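Here is a friendly note to read alongside the structure. Please keep the view open as you go through the points.

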Amino acid sequence: MEHLVQTVEGGPPLSDEEVRLFEMRHGLGLPGQYREFLLSMNGGRPERDLFTIDGLPGNPIGRIHLFFGLNDPIESCNLDWNLGVFAGRVPEWLLPIATTEGADKICLATTGDRVGGVFYWDAHAHPGAKSIYLLADGFGAFVSSLQSDELSPSVLKV
């Protein structure tokens, strides 16, 4: 199977059971393409890491630092850890799945009328200001839209 996006420095290989246990632990169901990404890459730094943020004043381009995974030896690289740390800050209908080079998060909608949508959460938005921006209607569309430049990680082809 061809991967939607290649990553480096991802977590250890995952089983279907480990992903299912994560879903059960948090009472959510992961969209198919994101679930496949976790099983094949388990997070990591993507080879294409630039994305467009429509509507964010003064900062129309973002860069993914890392997609979160499961069972990573570095605690802050885990989905579970990020759910706990950002609870009450990131809206509960969003699952943080990646971080930018700052504190902002890329999130996946897990409930509501935009289930499966990928959103940008602006950690630096002032209280009461807009902090959520739609990036794509699904994970596949989001990673397909990612671009790279000379600062993007390189993935060695084997």
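1. A residue is called buried under 20% relative accessible area, exposed over 50%, and partly exposed in between. Please bear in mind that this is a predicted model. With a relative accessibility of 48%, D16 is therefore partly exposed.

2. D16 has a partner: it forms a salt bridge with R35, with the closest N and O atoms 3.3 Å apart. D16 belongs to helix α1 and R35 to helix α2, so the pair ties together parts that are 19 residues apart in sequence. R35 counts as buried, at 18% relative accessibility.

3. Another salt bridge joins D149 and R63, whose closest N and O atoms are 2.8 Å apart. Since D149 lies in the segment after α4 and R63 in strand β4, this pair ties together parts 86 residues apart in sequence. D149 is partly exposed at 28%, while R63 is buried at 13%.

4. Next, look at R114 and D137, whose side chains meet in a salt bridge of 2.9 Å, N to O. R114 sits in the loop between β6 and β7, and D137 in the loop between β8 and α4. R114 is partly exposed at 35%, whereas D137 is exposed at 59%.

5. Which residues do salt bridges with shared partners join into one network? They are D49, R63, E101 and D149. The salt bridge count comes to ten.

6. Finally, the largest pocket holds about 220 Å³ of space. Its lining has 16 residues, with L83, P91, E92, L94 and L95 nearest the centre. Nine of the lining residues are nonpolar, six polar and one charged. Strand β5 gives the largest share, three residues.

Technical notes:
Residues are numbered from 1 along each chain as its sequence is written. This is a predicted model: local features need pLDDT of at least 70, side-chain atom pairs count only at pLDDT 80 or more; totals for chains, interfaces and linings use all residues. Side-chain values use heavy atoms; hydrogens and water are left out. On a 1 Å grid over the protein atoms alone, a cavity is a set of points where a 1.4 Å probe fits but cannot get out, and a pocket is an open set with protein on both sides within 12 Å along at least five of seven lines; lining residues have an atom within 4 Å of a point. Grid points are joined across faces, edges and corners, and a volume is the space filled by probe spheres set on the points. Helices (H or I, at least four residues) and strands (E, at least two) are DSSP runs, numbered from the N terminus. Ala, Val, Leu, Ile, Met, Phe, Trp, Tyr, Cys and Pro count as nonpolar, Asp, Glu, Lys and Arg as charged, and the others, Gly among them, as polar. A salt bridge is a side-chain nitrogen of Lys or Arg within 4 Å of a carboxyl oxygen of Asp or Glu. Buried means under 20% relative accessible area, exposed over 50%, partly exposed in between (1.4 Å probe, protein chains only).
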